[in-house]
Amino acid sequence: MKMDDAYEGSLSKSVAPAAPPLPGPATSYHQKGLVMNGLPLRGYSCVSTAAKDLWERLFDSGYKADVTIYTDYNGIIYAHANVLGMASPVMKGMLNQSKGHGRWRSLSIHGVPQDAVRVFIRFLYSSCSEKADMEDYVLHLLVLSHVFVVPQLKRECERQLEHGLLSTENVVDIFQLALLCDAPRLSLVCHRMILKNFKVVSDSEGWKAMMQSHPVLEKELVESVLDEDHKQKERIRKLKERKIYLQLYEAMEALVHICRDGCKTIGPHDKDFKEDQAPCNYTACKGLELLVRHFAGCRLRIPGKCSHCKRMWQLLELHSRLCDDSDVCRVPLCRNFKERIKKQSKKDEIKWKKLVEKMLRTKRIGGANFFSEELASPS
C-alpha cells in the first residue's frame, strides 16, 4: 500500500474532534448592557469578573510597581511600565525616554484632578470604570484618553455623554472639547442639541464664555442656526406645496369621476341616480361638487369676474393638459381647451407645463399618462 493511501485510510477511520464548548456564564450580554455571572456591571467592562478583580488588585497593591506618576498637589500614583506601555502607545514612548533611579521610571500628568488620573490608570489595567467616577470625571477622562491614545476609554466617554451626561448647560463646553479631542460623533451630537435648543443654550454661561474665548466658533454656530432655520422653512414650504399638488391631483380624479360616473346627485345628464348608491371614494368630490354647481348657475361666469368660476376654469384647463384623449372624454370643454392650448403664449405654456410636471412628480407616477383610456371612456 502506498503512503498516500494509508494516510487517506486513517483519515476516513478517525473521528472528528468535538467542538469547543460555548462560552460560559462568566461573560454574557444583556439587552440593557454587559452582565457578568448574571449580574449587571457597575460601569463599563469588556473582561470577566475574575480577570477584572485580578488587575484591579495589581493596581491597588502596587505589587512590583516600577513607575511613579506625579499629579497635581504632589500626588503620587504607582503603576507598572509593561501595563502602561501596552495600553497606551504615548505612555510607552514617554517611558522609553524616562530616566529614573534603578528600575524606577517616572511620568507627570498635570492639569487634571488626581482622582481623575487614578480612574484613568485603573481603566488601563482593568478596562473598567465605576459609574460614579465616570459621572464626576468624564470630561477629564475624555481629554486623557485623547492625549494618551486610549480609544476604548474615549468611546466610553462619548457614549456616557451622549446617553445622559449631556445637557443644555454643558453642551457648549463639551462641543468645544469634542472638537479639540477629535471626537466627530460627539461634536455632531452636541451641534444638533445646540441647534435644537438654541434659545436656552445661548443664555448659558458656557455660551457667554465661548463668545469671549472663541468668537469665530460662536459666529459659525449662529450661522449654522440661521442656515438650519432656513432649511426648516424650506422643508415646510415644500410640504405645503406638495399638499397643494396632491389636492390638485385628487381634484382631477374627482372631476373625471363626476363627469363620467356621477356622484350622489351630480353627474352627466344621462345618468340615473339611485337612493342606495354606493358611497363615493373620492375625497375631493364634496368640495368639487359645490364648485361645479356654482359654476353652472353663476351669472358672472366670465373668467376673471368671479373667483370661484376662475378656479373652475383653471381646473378645466389643467384637466385638458392631463387628458390623454379628449375625443372620448366626458369632462366639459376638454377639446376646446386642447385647441386653445395651441394658441397660448410660450410664457403661459411653460407655466402650465411646470405645474403639470410637479403635480405628476408629487403623485409619483413619472411620465405616465394621467388618464388611461379606460378611465376617460364611459363605463
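This is a predicted model: local features need pLDDT of at least 70, side-chain atom pairs count only at pLDDT 80 or more; totals for chains, interfaces and linings use all residues.
Helix α14 in turn packs with helix α16 (residues 346–362), and a search of the whole structure finds seven aromatic pairs.

**Helix α13**

- Helix α13 comprises 13 residues (285–297), which at 1.5 Å a residue should span 18 Å, and the separation of 18 Å between its end C-alpha atoms agrees with that expectation.
- The residues of α13 that are buried are C285, L288, E289, L291, V292 and F295.
- Seen down the axis of α13, these buried residues fall within an arc of 165°, so they line one face of the helix.
- An α-helix has 3.6 residues a turn, so residues three or four places apart point the same way.
- K286, L290 and G297, by contrast, are exposed on the other side of α13.

**Packing of α14 and α16**

- Two packed helices are described by the angle between their axes and by the distance between those axes.
- For α14 and α16 the angle is about 75° and the axes are 11 Å apart; because angles of 65 to 115 degrees count as roughly perpendicular, the two helices are roughly perpendicular to each other.
- On the α14 side the contact is made by Q314, E317, L318, R321 and L322, while α16 contributes E349, W352, L355, V356, M359 and L360.

**Residue L355**

- When neighbours within four places in sequence are left aside, L355 is in contact with Y245, L248 and L318.
- Y245 is 110 residues away from L355 along the chain, yet the C-alpha atoms of the two residues are separated by 8.3 Å.

**Aromatic rings**

- A pair of aromatic rings is described by the distance of the centres and the angle of the planes.
- Among the seven aromatic pairs that the search of the whole structure finds, F198 and W207 form an edge-to-face pair, with 5.4 Å from centre to centre and 85° between the planes.
- The two partners of this pair fall into separate accessibility classes, for F198 counts as partly exposed at 22% relative accessibility, whereas W207 counts as buried at 3%.
- Elsewhere in the chain, ring pairs link W55, F59 and Y125 into a cluster.

How values were computed:
Residues are numbered from 1 along each chain as its sequence is written. Side-chain values use heavy atoms; hydrogens and water are left out. Helices (H or I, at least four residues) and strands (E, at least two) are DSSP runs, numbered from the N terminus. The expected span of a helix is 1.5 Å times one less than its number of residues. Buried means under 20% relative accessible area, exposed over 50%, partly exposed in between (1.4 Å probe, protein chains only). The arc is that of the directions from the helix axis to the C-beta atoms. Rings of Phe, Tyr and Trp (its six-membered ring) pair if their centres lie within 6.5 Å; planes under 30 degrees apart count as stacked, over 60 as edge-to-face and the rest as tilted. Axes are lines fitted to C-alpha atoms, for helices over the stretch in contact, and angles run from 0 to 180 degrees between N-to-C directions. Angles under 35 degrees count as roughly parallel, over 145 as roughly antiparallel, 65 to 115 as roughly perpendicular and the rest as oblique. Contact means heavy atoms within 4.5 Å.
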